[in-house]
Amino acid sequence: MLSAAHDILSHQRAPGNQSHVDPGPTPTPHNSSSRFDCNPVSTAAVLLADILPTLVIKLLAPLGLHLLPYSPRVFVSGVCAAGSFILVAFSHSVGTSLCGVVLASISSGLGEITFLSLTAFYPRAVIAWWSSGTGGAGLLGALSYLGLTQAGLSPQHTLLSMLGIPALMLASYFFLLTSPGPQDPGGEEEAETAARQPLISSEAPELKPDYSPNLSLQERWTVFKGLLWHIIPLVVVYFAEYFINQGLFELLFFRNTSLSHAQQYRWYQMLYQAGVFASRSSLRCCRIRFTWALALLQCLNLAFLLVDVWFSFLPSIYLVFLIILYEGLLGGAAYVNTFHNIALETSDEHREFAMAAACISDTLGISLSGLLALPLHDFLCHLS
């Protein structure tokens, strides 16, 4: 949805067109006199629609949402994901498209707290694979949208082609993923345990063996305070990188290239996700204890690109490509190392709650960045 943000805001389908051959979207007038080639609305609007429902879900998680059974949560997540693709694909207006983005946000937020909580019942190494999977999902989403639209497929047909992904998620959870069984969730070994059955025929995750999820409010608050050392740097990292992604990407417009403005935006998103995927998959070879350093480096990235937006001193889009790849590397490293450090430092009885509570870090940072990116977009576009 974030890769499609520029298309969602700069185009809307003509409502009278019901032909089998989609002639493509009808463009909304741009501010062609602006050096930024601004959309009437910042792509941060899509970001907010994509993140605020997730923020609400994650705020509810520490209050008891994480105690609900896993299987219904996964099912709702899959249905919302499919609904988001369909709603945006057949939308005739930006408002309806944003409602579809909200469905995607519900799917993402509910899915993230569900699966991160579930990692508490598996060997600790599962966190590295989960993080790699989320990085791969971002790269697959951005790369598939870029590739299919570059190949000539309309945004509508590109979105509809993604409907197999929610089905694959549901199938992999109910038929492929195995029950955690009696193993020690804190162990590093990934040896297979005997008689592990698919989740569809096992209630082990719902029973939560050897765990005491009924923590008092005082215990939850104590655990949450202990997580702040990990949460705050991740909030800062995600604030800086999504301020860049949804506040500055569309303003980093180069006219001296063969790529259109929409294509430039898609390339930015794809390269960012490539960096995220690489670093989220790096835990086995590179572990970072002090994630504050990553927060500082990401803030320097933001400051540098903000100055470039104002003064336009970078001569080539390829330099921006490298910076964005580096930005993704920092963001992915912060994510995977934060959750790995939390898994190492929390006790068995607190780990499930801690993983669900820490989920709010990236979402809070992204929400704050979206709120600030909207007025920045309006200011710069009217100024230019």
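Okay, let's start with helix α2 (residues 44-60) and α4, which pack at an angle of about 40°, their axes 7 Å apart. Axes here are lines fitted to C-alpha atoms, for helices over the stretch in contact, and angles run from 0 to 180 degrees between N-to-C directions. Helices are DSSP runs (H or I, at least four residues), numbered from the N terminus.

Quick background: this is a predicted model, where local features need pLDDT of at least 70, side-chain atom pairs count only at pLDDT 80 or more, and totals for chains, interfaces and linings use all residues. Residues are numbered from 1 along each chain as its sequence is written, and side-chain values use heavy atoms, with hydrogens and water left out.

Now, S105 sits in helix α4 (residues 94-118). Buried or exposed? S105 is buried, at a relative accessible area of 0%; buried means under 20%, with a 1.4 Å probe and protein chains only. Its side chain reaches the backbone oxygen of D50 at 2.7 Å. Setting aside neighbours within four places in sequence, S105 also has A49, I51 and L52 among its contacts, contact meaning heavy atoms within 4.5 Å.

On to the other pair. Helix α9 (residues 217-248) and helix α11 (residues 292-311) pack at about 20°, with axes 9 Å apart. So α9 is roughly parallel to α11, a label for angles under 35 degrees. Residues including W229, P233 and F243 of α9 meet residues including W292, L302 and V309 of α11. The residues of that α9 and α11 contact split into 18 nonpolar, two polar and one charged. Nonpolar covers Ala, Val, Leu, Ile, Met, Phe, Trp, Tyr, Cys and Pro, charged covers Asp, Glu, Lys and Arg, and the others, Gly among them, are polar.

Conventions. Helix = DSSP H or I, 4+ residues; strand = E, 2+ residues; numbered from the N terminus. Parallel < 35°, antiparallel > 145°, perpendicular 65-115°, else oblique. Buried < 20%, exposed > 50% of the residue type's maximum accessible area, 1.4 Å probe, protein only. Polar contact = N/O pair within 3.5 Å; in protein donor to acceptor, adjacent residues only side chain to side chain.
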